[in-house]
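Try each task before reading its solution.

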Amino acid sequence: VHNPASNMKLASGSQFRYEELRRRGVRVGLGTDGVSSSNNLDMITAMKCASFMGKSWSGDPTVNKAGDLFDSATRIGAVILRLESGRIEEGYLADVCLVDLSRLDMTPTHSLISNLVYATNGDVIDTTIVDGKVLMRHRVIPGEREIRDMASGLAKVMTMITKLKLLCLFFPSTPCLPVLPPFAFISPSNLPLTSSIFSIST
């Protein structure tokens with residue numbers, strides 16, 4: 001699996017031989033790696049990065065074509081993961097992304113695949129359906145606000161823990177509260193002080 005954005009950020013694997021591997025019959029999928037080394041999980045951006053990276057280091061603008069990379073990001077990725085997905089066909093999982101064609105970066109749409117790979121990013125996805133279940137409709141995910149609020153609260157707690165650890169490290173004589181492991185904060189009911197901690201304003 002080729003993770004181009006991560007490879008470029010970490011300055012590793014920048015000469016990934018996509019074309020050579022494909023010619024030898026190797027199934028090459030695309031990925032984003034984790035958010036710590038890629039900063040997002042945008043598969044459309046991954047297609048663009050893979051295409052531009054291959055063209056740049058090889059000096060050949062005809063390699064890493066949009067259609068091939070779209071195939072790697074969809075059908076071939078599903079084959080690698082042994083999923084009956086990656087194509088709209090009877091018997092396959094109903095995994096579908098609906099694209100907003102009214103966006104400026106999708107206009108004009110002479111080639112849908114070229115626009116997806118070269119002109120836009122993940123924001124172009126309007127609706128996401130996984131195995132027939134709508135997970136996002138018109139860019140709204142059910143419970144999104146609650147998820148974001150919880151993540152923000154957990155981030156604040158972890159920041160406070162880090163500051164406490166540093167305080168205890170550099171000032172050993174300072175009385176420090178016992179630091180609980182991160183999993184203790186997953187459920188707010190686990191901490192009697194959680195409500196007051198989460199109420200701290202940014």
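**Exercise 1.** At what angle do H5 and H6 pack, and how far apart are their axes?

Before the solution, some housekeeping. This is a predicted model, where local features need pLDDT of at least 70, side-chain atom pairs count only at pLDDT 80 or more, and totals for chains, interfaces and linings use all residues. Residues are numbered from 1 along each chain as its sequence is written, and side-chain values use heavy atoms, leaving out hydrogens and water.

*Solution.* Start with the names: helices (H or I, at least four residues) and strands (E, at least two) are DSSP runs, numbered from the N terminus. Next, the geometry: H5 and H6 pack at about 80 degrees, and their axes are 9 Å apart. Here axes are lines fitted to C-alpha atoms, for helices over the stretch in contact, and angles run from 0 to 180 degrees between N-to-C directions. The two helices are therefore roughly perpendicular; angles under 35 degrees count as roughly parallel, over 145 as roughly antiparallel, 65 to 115 as roughly perpendicular and the rest as oblique.

Now look at who touches whom. From H5, Ala66, Gly67 and Phe70 meet Ile113, Ser114, Leu116, Val117 and Tyr118 of H6, where contact means heavy atoms within 4.5 Å. Sorted by type, the residues of this contact are 6 nonpolar, 2 polar and no charged. In that sorting, Ala, Val, Leu, Ile, Met, Phe, Trp, Tyr, Cys and Pro count as nonpolar, Asp, Glu, Lys and Arg as charged, and the others, Gly among them, as polar.

**Exercise 2.** Find the largest nonpolar core: how many residues does it have, and which have the most contacts inside it?

*Solution.* First, the term: a nonpolar core is a set of buried Ala, Val, Leu, Ile, Met, Phe, Trp, Tyr and Cys residues joined through side-chain atoms within 4.5 Å. Buried means under 20% relative accessible area, exposed over 50%, partly exposed in between (1.4 Å probe, protein chains only). The largest core has 14 residues, and the most contacts inside it belong to Leu30, Ile44, Met47, Leu69, Leu116, Val124 and Ile125. Helices H4 (43–58), H5 (66–80) and H6 (112–119) each give two or more residues to this core, with H4 giving the most, at 3.

Then zoom in on Ile44. Skipping neighbours within four places in sequence, Ile44 touches Leu116, Val117, Thr120, Asn121, Gly122, Val124 and Ile125.

**Exercise 3.** In what order do the strands of the open sheet lie?

*Solution.* The order is E1-E2-E3, with antiparallel pairing; two strands pair if DSSP finds at least two bridges between them. E1 and E3 are the edge strands, each pairing on one side only. From one strand to the next, the twist averages 25 degrees.

Take the pairs in turn. E1 (residues 96–99) is joined to E2 by 4 bridges; Val96 is partnered with Ile129, and Val99 with Ile125. E2 and E3 (residues 133–136) share 3 bridges, one of them linking Thr128 to Met136.

**Exercise 4.** Is Thr32 buried or exposed?

*Solution.* Locate Thr32 in the loop between H2 (18–23) and H3 (35–38). Its relative accessibility is 13%, so Thr32 counts as buried.
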